[in-house]
Amino acid sequence: MENNSRIVFQLQGLNGSRTNRQIYAALALTAYLCTVFVNLMLIVTVCLEKTLHQPIYVFLCNLCVNGICGTSCFFPKLLHDLLADAHVITYGGCLAQMCATYSYIFCEFHTLAVMAYDRHVAVCRPLRYQVLMSAQRVARLLLLTWCVSLTETMVGAILIARLPICGRHIPKLFCTNWEVVKLSCSDTAANNTYGFLLAFFHVSQTGLILFSYAHLVRTAARSHSGRRKLIQTCVPHLVTLLVFTASLLFDILFSRYGGGSADAARNALAAEFLVVPPFINPIIYGMNLQQIRTHIRLRFRTHVPQ
């Protein structure tokens, strides 16, 4: 661990001339600011409007907070590297970035699972919704979401921290678990086993969410109000889940089977799960949830001079 603390990794995910990197930096800064803005706008809208103080909107705010955390563990370092000549990161910085990234990933999955449970109760047991989704239960679900996510992350970080590192080159824009594990010169069986267990758990979690929605479709088809509730809240949630899972799957396949190439286009696509979901989640929900859409429109009309 003493030797590892002095390691400086070389990030090899950036190519191109300095002029091109400056253009990319301007685009990245714009994307980052837009992502933070749309998420904060939705959070502020929900917080200020008492009519939106309902479980689904509280979980949505948690999704937006997590999105800001996820995108913030990627863009600031990317912006620094785009404007710097040397693209390096210390061992401690690499571990910190990995912890932030995987906390975001796990919290996203758990939040989407909790939101699926909330929609299941709302559609299938509407008369008992207020009892089953009380403020105390919502708070416990949020606490459980973050505690489980952080526990999963810390176990992975501990397993990596015990490994002696023999390499210095990471062929990506940012640090990931698998890329650092590949640089180890000792047995990584425990890391691989834990990685596969996490993958199996979260793939199963995604499967359960999809199965739950299949049941919701059958239930909602019986009534007009159920169909409306399904379209307004369940469809955007399902789109969010599929976009995030597909983006993350691309990064996993790229890291494990993409070879050692540091091609800029492939690296940019591999970082999609840190860029696309945090930006489109509040937009998808803002456009599909009439209550949020109405309040945002009213707020803009109030502040825009006539």
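Which residues are buried in helix 6? The numbered points below answer this and describe the rest of the predicted model.

1. Overall make-up. The protein contains 12 helices and 3 strands. Of its 306 residues, 47% count as buried. Among contacts between residues at least 6 apart in sequence, 81% join residues at least 24 apart.

2. Helix 6. The buried residues of helix 6 are Val 138, Leu 141, Leu 142, Thr 145, Ser 149, Glu 152, Thr 153, Gly 156, Ala 157, Leu 159 and Ile 160. An α-helix has 3.6 residues a turn, so residues three or four places apart point the same way. Helix 6 covers residues 135-161, and its 27 residues should span 39 Å at 1.5 Å a residue; the end C-alpha atoms are 39 Å apart, in agreement with this expectation.

3. The 3 strands form an open sheet in the order 2-1-3, with mixed pairing. Strand 2 (88-90) and strand 3 (169-170) stand at the edges; each has a single partner strand, so one side of each is left without a neighbour in the sheet. Strand 1 (residues 8-11) pairs with strand 2 in the antiparallel sense over 3 bridges. Phe 9 stands opposite Ile 89 of strand 2.

4. Tyr 24 belongs to helix 1 (residues 18-48). Tyr 24 counts as partly exposed because its relative accessibility is 43%, which lies between the limits of 20% for buried and 50% for exposed.

Conventions:
Residues are numbered from 1 along each chain as its sequence is written. This is a predicted model: local features need pLDDT of at least 70, side-chain atom pairs count only at pLDDT 80 or more; totals for chains, interfaces and linings use all residues. Side-chain values use heavy atoms; hydrogens and water are left out. Helices (H or I, at least four residues) and strands (E, at least two) are DSSP runs, numbered from the N terminus. The expected span of a helix is 1.5 Å times one less than its number of residues. Buried means under 20% relative accessible area, exposed over 50%, partly exposed in between (1.4 Å probe, protein chains only). Contact means heavy atoms within 4.5 Å. Two strands pair if DSSP finds at least two bridges between them.
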